[in-house]
Amino acid sequence: MEKQIVVSGIRSTGYLHLGNYFGAIQNYIKMQEEYNCYFFVADYHSLTTHPDPKELRPSVFRVLSENIASGLDPEKVALYAQSDVPEIPELYLMLNMLAYKGELEKVPTFKDKVRQHPDNVNAGLLTYPVLMAADILIHRAVKVPVGKDQEQHLEMARNFAQRFNSRYGEFFPEPQVFRFSDETVKIMSLDGNGKMSKSENINATIFLSDDDDTIRKKIMKAKTDSGPTEHNSVMPDYIQNLFVLMNAVSAPGITDTYRSAFNGCNIRYGDMKKQLAEDMVAFVGPIREKAAELYKDEDTLRKILKDGAEKARASSSVTIREARKLMGINY
Ligand code: TYM
């Protein structure tokens, strides 16, 4: 049976953190065995915020190193930079003709950016979901492993695929968010404010590059409270987040012990955080060290990008040829 096609990307802005790991990378690693996977560094997407050109290469190489150190195997998947595949911007242009200003302006991530950076509301930001749809549709992917924050973008990718199909003929499958568990993952910031993110409150974000003491300090400072006063209380989201992290990195059974303590109103958050900190140190340490080693080997990283781009272009060029034909661009 043909393997199903999977696409996902990570922006090359800053260091990767636990949200990226548990929301995305962990699933990439599980999927690489059974699916035909295309994973890429979304360097074009990162240009919306005008990064310093000197920062781009280090950022792209870091994202690559951290993905490989986490267990992604470039022999098994196509691992590439978005900008090495010119068919993506070509499809982006085509899809832009099917994307409407009104719907793009309504996207919550766009509205957030407008609020945060009113002086930089560029067209790339507005059409961010169109480029993302092009990333996915260029391989005619059906499954997209992403965290909760990207669900709305996926819905738009499906809309653009449908619109193309109804205008030019059935061609693109409708890509779906992929997850192994029932819910898509959202790792919250350790201060309890919104999602863990590359740019906001870095003291409440655990990066895959953080050293042991930094990890310990950040976890010990994570938001907690004086604990529940009634048995089986509803867990506040910032406490739930600590349980999610503990469940991900601690030995089986440990989470249950603390969950029972929470339900029985005798949880000691200080102890829980100490346990979580040590388990997190043991989890992140090997990834950090492997990534640092890979990062130094630029020749290997360049070779990985080159091979990845070749695989990605083989698939993309077929899609573009067909899309052009369907649209009548074949003279
Ligand atoms: P980016 O770079 O912000 O994040 C990469 C992946 O990490 C997930 N993620 C999280 N998951 C759970 N909790 C969090 N706190 C958290 N923070 C980040 C994201 O959901 C994502 O899966 N637009 C995308 C990149 C992209 C893309 C694509 C993804 C471009 N084209 C095509 C899939 C398909 C982004 O900015 O992700």
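I count two residues as in contact when heavy atoms lie within 4.5 Å. The model is predicted, so I ask for pLDDT of at least 70 for local features and 80 or more for side-chain atom pairs, while totals for chains, interfaces and linings use all residues. Residues are numbered from 1 along each chain as its sequence is written, and side-chain values use heavy atoms, without hydrogens or water.

**Domains**

I looked up the domain bounds, which come from an automatic or database domain assignment. Domain 1 covers 5–184 + 297–327, and domain 2 covers 202–292. I find their C-alpha centres 31 Å apart. On the contact rule, 11 residues of domain 1 touch 14 residues of domain 2.

**Interface**

Next I took the buried area, meaning the accessible area (1.4 Å probe) that two parts lose on being put together, summed over both. Between domain 1 and domain 2 it is about 1,100 Å², and carbon and sulfur atoms give 79% of that. On the domain 1 side, I note that Leu18, Phe22 and Ala69 lose the most area to domain 2, together 46% of what that side buries.

I then searched for salt bridges (a side-chain nitrogen of Lys or Arg within 4 Å of a carboxyl oxygen of Asp or Glu). Between the two domains the count is 0.

Which helices each supply at least two residues of the side of domain 1 that touches domain 2? I find H1 (18–31) and H3 (53–69). Helices here are DSSP runs (H or I, at least four residues), numbered from the N terminus. H3 gives the most to that side, with 4 residues.

I sorted that side of domain 1 by class and got 7 nonpolar, 3 polar and 1 charged residues. Ala, Val, Leu, Ile, Met, Phe, Trp, Tyr, Cys and Pro count as nonpolar, Asp, Glu, Lys and Arg as charged, and the others, Gly among them, as polar.

**Aromatic pairs**

I pair rings of Phe, Tyr and Trp (its six-membered ring) if their centres lie within 6.5 Å; planes under 30 degrees apart are stacked, over 60 edge-to-face, the rest tilted. The structure holds 12 such pairs. Tyrosine 21 and phenylalanine 283 have ring centres 5.2 Å apart and planes at 85°, so I log the pair as edge-to-face. Tyrosine 21 sits in helix H1 and phenylalanine 283 in helix H13 (residues 269–296), 262 residues apart.

**Salt bridges**

Over the whole structure I find 22 salt bridges. Arginine 57 forms one with glutamate 298, with the closest N and O atoms 3.7 Å apart. This pair links distant parts of the chain: arginine 57 is in helix H3, glutamate 298 in helix H14 (residues 298–327), 241 residues apart.
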